[in-house]
Amino acid sequence: MKKQRFAIVLDTRRCIDCKACTVACKVENDVPVGGETYRNWVTEEPVRGTYPNLGQSFTPSQCNQCENPPCNSVCPTSATGITSGGIVTVNPDKCIGCKYCMLACPYDARFYDSEKGIIDKCTFCIQRTLVGGIPACVETCPTKVRTFGDLNDPNSEVSILLAKNKHRVLKPELGTKPFLFYLI
Amino acid sequence: MAGLINKKLSRRRFLGTSGCALAVATVGSQATVLKALASSGEVTTSTVGKTKDVFTACGMCVNKCGVIARVRDGRIHKLDPNPEYIKSRGMLCARGNAGVKVVYDPDRLKFPLIRAGKRGEGKWRRASWDEALDLVAKNMNEIAEKYTRAGVMFASTEGTFQEHFFLQMAECFGSPNTVRHPTLCLSSNIQGFSATYGTFPTPDVLNADYIIMAGANRSEALITPDSIDQLKGDGGRRKLVYLDPRFTKTAAKADEWFPIKPGTDMAFVLAMINVIVSEGRYAKTFIEEMTVGFEQLVPHIKPYTPEWAAKECEISAQDIRRIAREFAKAAPKAVFYPGRRSSFATDDVQLRRAMAILNVVVGNWDTEGGLVPNSRIKLQKHDYLAPWYDDVPERLDKGSAAFLSEKDGSWTALRDRILEGKPYPVKGMMIYKQNVVMSVPNRTKTLKMMDQMDFICTIDIAMSDTAWYSDVVLPEATYLERQDPLESIGGLVPVVAFRQPCISPMFESKPNLWIMQNLAKRLGSEIAETFDFTIDEHIHHQVSKNPKILQDLKTKGVHYMKVEPSYGLTKGKRLRTKTGKIEIYSANYVKKGLDPLPVYNRHEEVPANKFRLLVGRSAYFTHGTTANNAYLHDLMPENTLWLNTQSASKMGLRDGQLVKVKSNVGEGTLKLEVTDKIRPDCVYMAHGFGVISKGQSLIYGRGACDAALIEDKLEPISGNVAMHQTFVEISPA
């Protein structure tokens with residue numbers, strides 16, 4: 001069997017900014033509440049136009065699970081690593097909480113967990129995907145903004161979505177090769 | 001920062017002392033997984049102790065979505081959506097996910113409490129269940145003896161599935177004065193549509209090609225499956241037109257948004273009918289066969305031209321005419337969404353009648369993509385013989401509205417009569433989880449009403465403002481700790497919902513049935529006999545004619561009989577109206593001295609230097625019950641006052657500053673949010689903040705309470721309260 005390469009495809013047109021994904025993630029991954037600590041989030045983009053001609057979009061996001069993750073190379077203790085499926089992880093035993101990786105990440109996808117004294121980030125809910133599940137944010141979404149799957153499988157839902165639709169990644173110019181794809 | 005850490009430590013301590021120390025073990029097991037991953041690049045599965053998955057139903061709002069609780073070592077780790085639960089299309093919203101925190105909330109009520117200081121002072125002493133229930137029974141009996149049994153009122157929440165036992169207690173105790181939420185919500189809407197159709201139908205959002213929503217903010221006021229289905233564009237043909245004085249998240253998703261002038265929705269609707277009728281775009285055969293009163297509608301609607309309406313509602317005649325034509329063209333797969341929200345104004349029933357009639361004239365009744373009557377799966381009722389008492393008078397609020405619900409009454413009319421003490425005194429309050437202080441407009445009056453009570457008992461899971469003002473507070477087990485009766489949930493695709501305990505009740509909390517049974521024992525054998533059953537017996541009785549229901553619930557957490565709506569079941573049959581047909585013209589209303597067809601009346605304008613206060617939902621909160629949930633508090637720690645950018649600049653007010661808001665009945669102080677997302681003559685604040693209770697530690701002292709500001713103006717047909725007819729002044733705080 002070919003190696004898996006996980007990705008999430010997002011259709012932001014469906015997003016109603018209900019924050020179900022954010023809360024589901026916090027509960028599933030025991031992310032602290034009350035600070036700027038999020039494994040995923042929804043950005044309320046600025047309102048376009050002036051009253052009464054207005055528009056607004058909402059952009060959910062999380063770790064891009066980059067193929068060339070800038071957070072990886074700066075880690076002084078090799079706590080950050082890439083595991084099967086292309087998921088970028090932090091080894092809590094090696095992490096010293098120095099926050100270099102937080103600065104290096106162009107997507108602001110990492111945070112410092114002051115309860116545990118380490119850096120934390122999205123893993124596409126690896127504890128769920130390991131046993132055949134899907135990430136909590138994907139599963140709980142009312143309007144199913146996110147689709148999760150293996151891009152190395154041409155018949156997966158994500159592969160089909162990307163084949164059929166125009167899409168973009170965030171900050172492609174940085175050469176990070178993100179695996180979070182936004183349908184246009 | 002130190003404060004934050006202390007808070008977190010104290011939360012930990014709470015979990016540690018409550019038998020839930022395994023929260024830490026869960027984190028630990030996950031860390032094992034990640035360690036293996038990062039060091040070797042290999043995947044190893046983790047060991048997480050004993051796990052079990054429990055089918056249950058969410059209890060965070062009205063929707064009751066299907067849930068699978070993931071329980072690890074006796075602790076609820078996560079609530080996931082049940083993919084089989086078709087009504088919610090296999091989703092769980094932010095509140096549903098935050099349900100874990102309802103159980104493991106340091107603020108939750110743990111033991112029965114008896115007031116030790118003055119009422120509202122917040123001094124309590126812990127009591128045993130025996131002592132607390134003895135005291136409740138003693139007070140109920142004393143009030144009954146002194147003032148008749150109607151002297152104790154019963155206010156109930158809905159949707160815990162155990163409210164039926166509370167209402168049974170009210171009936172068996174012998175009080176006619178029961179009150180629930182509808183007259184703070186959609187009773188006017190139900191009345192308006194039911195007067196027309198004989199039932200309150202559901203829009204087939206999934207299959208409609210053209211939807212007009214007026215004030216039904218479905219991207220934030222989540223209703224399943226509508227909130228999900230509204231976004232499922234059908235090959236790009238779907239169109240959503242949205243009228244709301246605020247640019248909500250629904251507006252952001254709509255094809256067209258019109259910031260309609262509040263109180264003028266009826267003008268828009270009547271003008272649409274005018275266009276459709278005068279241009280002959282109505283469903284002729286359908287109207288002939290299925291309706292009465294079209295001939296009265298034709299002359300009635302004549303003056304309501306788009307040009308006339310444009311001046312009222314501030315939407316151009318051109319747009320009204322175009323939307324009316326588009327709507328008629330898309331019909332019958334076009335629907336003017338009935339809404340499900342609180343009433344706007346004191347003629348709200350007539351507005352809903354107008355909406356119903358607009359749907360009638362395009363002939364979308366009981367057809368794909370239109371308005372479809374609900375169906376419901378039958379469960380066997382629990383029968384009991386309520387004791388009879390000779391001296392009990394009629395409902396205190398009788399006659400306060402033209403069509404008053406016998407069971408729900410009118411909240412504000414009832415409160416007024418209690419304050420007058422006429423025609424008889426009500427001196428006792430039994431409250432089941434309804435946060436009346438937070439939810440009934442004109443909070444000052446509610447507190448006055450409570451002041452004049454001899455006794456108040458509240459059953460709840462948290463120290464709500466209402467519990468805070470009570471004499472006895474009884475801790476109920478949360479929805480994740482209870483076996484509840486089965487609940488049949490009607491809709492286009494009806495389901496039976498199932499709720500079973502994921503863990504045992506924590507502390508000394510008890511299910512409401514247990515509370516009612518043990519209270520009943522103290523009130524006498526006649527009442528106690530009606531409660532002589534176990535919850536298991538009750539459930540088996542509910543499914544006695546169809547045991548498959550329970551099998552389905554046990555194996556997939558939900559029971560349903562079909563996955564697609566059925567259409568046309570009412571064709572050729574009598575509807576439940578007087579004439580058996582759809583009543584465009586209501587002879588029934590004439591009898592009550594009401595307008596048989598909706599007549600537009602202009603409402604009071606916003607006075608100079610004032611703003612109209614708007615209410616509206618957030619997807620993060622359910623009324624006054626969830627703002628103190630740590631996960632949801634994280635999303636919105638306090639409410640703000642929305643004010644239009646231009647209005648703010650005229651007044652020299654800036655974003656983020658504290659402002660005082662003052663109405664005729666109350667005031668509040670909160671932060672200003674300057675935004676283009678609201679009409680210049682309106683302001684808005686989210687509901688559920690500005691609490692009085694110090695038992696809501698996260699939100700105490702944060703934001704302002706809309707119920708303190710909103711005036712209690714009565715809608716005289718349904719007894720509903722008009723939520724959009726309060727004007728406020730704003731000044732720097």
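**Note on a predicted two-chain model**

1. In this predicted model, the contact between the two chains takes 40 residues from chain A and 45 residues from chain B. On the side of chain A that touches chain B, at least two residues each are supplied by helix 1 (20–29), strand 5 (88–90), helix 4 (126–129) and helix 5 (136–140) of chain A. Helix 1 of chain A gives the largest share of that side, namely six residues.

2. Turning to the division of chain B, the assignment gives domain 1 (1–48), domain 2 (113–185 + 390–479 + 504–534), domain 3 (202–372) and domain 4 (611–732).

3. The centres of domain 3 and domain 4 of chain B, taken over C-alpha atoms, are separated by 28 Å. Their contact draws 18 residues from domain 3 of chain B and 23 residues from domain 4 of chain B. On the domain 3 side of this contact, nine residues are nonpolar, six are polar and three are charged.

4. Chain B also contains an open sheet of four strands, in the order 11-10-9-13 and with parallel pairing. Its edges are formed by strand 11 (256–258) and strand 13 (334–336) of chain B, each of which pairs on one side only. Averaged over the sheet, neighbouring strands are turned by 10° against each other, with direction ignored.

5. Within this sheet, strand 9 (residues 210–214) and strand 10 (residues 239–243) of chain B run parallel and are joined by five bridges. As a point of orientation along this pair, Ile212(B) stands opposite Val241(B), which belongs to strand 10 of chain B. Helix 14 of chain B packs on the sheet, where it touches strand 9, strand 10 and strand 13 of chain B, and its direction makes about 130° with that of strand 9 of chain B.

6. Helix 14 (residues 317–330) of chain B also meets helix 13 (residues 306–313) of chain B, the two axes coming within 8 Å and crossing at roughly 120°. This crossing of helix 13 and helix 14 of chain B is right-handed. From helix 13 of chain B the contact involves Pro306(B), Glu307(B), Ala309(B) and Ala310(B), which meet Ala317(B), Ile320(B) and Arg321(B) in helix 14 of chain B. Of the residues in this helix contact, five are nonpolar, none is polar and two are charged.

Note on methods: Residues numbered from 1 in each chain as written. Chains lettered and ligands numbered in written order. Predicted model: local features only at pLDDT ≥ 70, side-chain atom pairs only at ≥ 80, totals over all residues. Axes fitted to C-alpha atoms, helices over the stretch in contact; angles between N-to-C directions. Left-handed = near helix turned anticlockwise from the far one by under 90°. Contact = placed C-beta atoms within 7 Å. Nonpolar A, V, L, I, M, F, W, Y, C, P; charged D, E, K, R; others polar. Pairing = 2+ DSSP bridges. Domains from an automatic or database assignment.
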